[in-house]
Every structure is written in C-alpha cells, then in structure tokens.
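Hello,

Here is the structure I am handing over to you. Please open it and keep it in view as you read my notes below.

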Amino acid sequence: MVGDRETDMDFAENAGIRGFQMKTNGSFPRLGFVSRKTSETDISMMCNLDGKGNFQINTGLKFFDHMLEQLSKHSLIDLFITCKGDLEVDEHHTVEDVGLALGEVSSNALGDKKGVKRYGFLMPMDETLAEIAIDLGGRPNLIFNAEFKREMVGDLPTEMVKHFFKSFSDTLKATIHINIKYGENEHH
C-alpha cells in the first residue's frame with residue numbers, strides 16, 4: 001500500500017500488508033517485488049530503493065543474512081527477503097537464487113532507469129578496502145578480484161560470494177567490478 005496519509009498506513013496494517021508513506025504530491029517510491037519458486041527454493045522479495053535501510057531478511061544462512069542486512073543498512077535500500085531453500089543439500093541454490101531474485105527485484109524497482117548514472121565507490125571496513133564500480137547499461141558481466149583464505153565465513157562458503165554477485169549482475173543486467181584492494185579479516 002502506498003499513500004500519503006497516516007490513515008493509508010493504518011489501512012495497510014489492518015489488511016496485513018506493508019505500507020509506504022510518501023509526501024503529498026511527492027514522487028512515487030521505486031519499489032520492486034519478486035516471488036520466485038523453483039524445485040530448490042521459494043523466495044519472496046521486496047525492495048524500496050528510496051528507503052531508509054530497513055530490512056527483514058531470512059535466507060536460512062545467518063552470515064548471508066548479515067551480508068544482505070549490511071547492504072540494506074548502508075545503501076538505505078529497504079529489503080524484505082524470505083527464502084526457503086534446500087539447505088539440506090547445500091548452500092548453492094539458496095545463494096544463487098537470492099542473487100538472481102535480488103537482481104530482478106532491483107531491476108524492477110529501477111524501471112526505465114531515468115536519471116540513473118554510472119557510479120563507483122570505495123568501501124572501507126576496518127582493515128579492508130573494496131573498490132566497486134557498477135554500470136547499469138544492460139550488459140551483464142562480473143569482474144571479481146578477491147581471494148579468500150578460509151573455506152567458510154560463518155555458515156557461508158566463501159566460494160559462493162562470487163557466484164552471488166554473478167547471479168545478481170545477470171538479472172540486474174549490470175556490469176559489476178569488485179576489487180578487494182587489501183584486507184586481513186575474511187568477515188570484512
């Protein structure tokens with residue numbers, strides 16, 4: 001439910017759905033919704049690109065949830081993700097399908113991409129520095145320069161980090177360059 005009055009938010013709450021309050025005569029928020037069900041995963045996802053960094057994420061993988069929560073918090077993109085995956089087999093389908101759904105929901109929210117420019121940034125996290133550049137030009141590609149010294153961080157296999165970003169770039173139709181300049185702690 002999107003509305004400009006408090007009563008609109010009351011209506012959403014009474015109906016058991018999420019509400020987004022906007023300013024009267026304000027611009028419509030860039031929202032995306034995806035529901036994706038395969039034989040391996042069942043995913044529901046919503047994002048608000050013009051959010052406040054609110055999140056509710058449950059993929060069944062605690063460290064993966066933590067990564068996605070940090071993405072939401074620091075980008076100010078509201079993310080609501082629920083994934084039930086075949087974790088009894090392994091983590092692959094959950095991580096891959098969440099990446100695919102996140103690219104799709106982001107693409108839906110971006111719409112025709114009016115006013116969106118190419119951008120890049122550096123992200124320091126304690127002793128680690130990551131350089132990231134994203135081009136939303138419609139050509140999916142991933143350049144991923146990072147090495148992990150551990151097989152797992154928490155309950156997430158480090159080999160799945162690159163695969164997540166590849167899946168994300170494929171459905172977002174974006175070229176993404178990720179270069180980890182230096183770092184010591186695999187968590188960062």
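Start at Leu 76, which is partly exposed at 45% relative accessibility (buried is under 20% relative accessible area, exposed over 50%, partly exposed in between; 1.4 Å probe, protein chains only). This is a predicted model: local features need pLDDT of at least 70, side-chain atom pairs need 80 or more, and totals for chains, interfaces and linings use all residues. Residues are numbered from 1 along each chain, and side-chain values use heavy atoms, without hydrogens or water.

Two positive phi angles

Leu 76 is not a glycine, yet its phi is positive, near 65°. Leu 76 sits in the loop between α2 and β6 (78-85) (helices are DSSP runs of H or I, at least four residues; strands are E, at least two; numbering is from the N terminus). Lys 173 is another such case. Its phi is positive too, about 60°, and Lys 173 is not a glycine either. Look for Lys 173 in the loop between α4 and β12. Lys 173 counts as partly exposed because its relative accessible area is 44%.

Helix α4

Which residues of α4 are buried? They are Met 160, Val 161, Phe 164, Ser 167, Phe 168, Ser 169 and Leu 172. Keep the helix geometry in mind here: with 3.6 residues a turn, residues three or four places apart point the same way. What do the buried residues of α4 pack against? Their partners are the helices α2 (62-75) and α3 (92-110), plus the strands β9 (141-145), β11 (156-157) and β12 (175-182).

Thr 94

Now move to helix α3, where you will find Thr 94. Thr 94 is buried, since its relative accessibility is 0%. Leaving out residues up to four places away in sequence, Thr 94 touches Thr 41, Thr 59, Leu 61, Phe 64, Cys 83, Gly 85, Asp 86 and Leu 87 (a contact is heavy atoms within 4.5 Å). Gly 60 lies 34 residues from Thr 94 along the chain, but their C-alpha atoms are separated by 8.4 Å.

Salt bridges

How many salt bridges are there? The count comes to eight (a side-chain nitrogen of Lys or Arg within 4 Å of a carboxyl oxygen of Asp or Glu). One of them joins Arg 36 and Asp 97, with the closest N and O atoms 3.2 Å apart. Arg 36 is in strand β3 (residues 31-37) and Asp 97 is in helix α3, so this pair ties together parts that are 61 residues apart in sequence. Asp 97 is buried, at 5% relative accessibility.

Asp 8 pairs with Arg 5, and here the closest N and O atoms are 3.2 Å apart. Asp 8 is buried as well, at 8%. Asp 4, Arg 5 and Asp 8 are linked in a network of salt bridges.

Asp 135 bridges to Arg 139, the closest N and O atoms being 3.5 Å apart. The relative accessible area of Asp 135 is 15%, so Asp 135 is buried.

Best wishes
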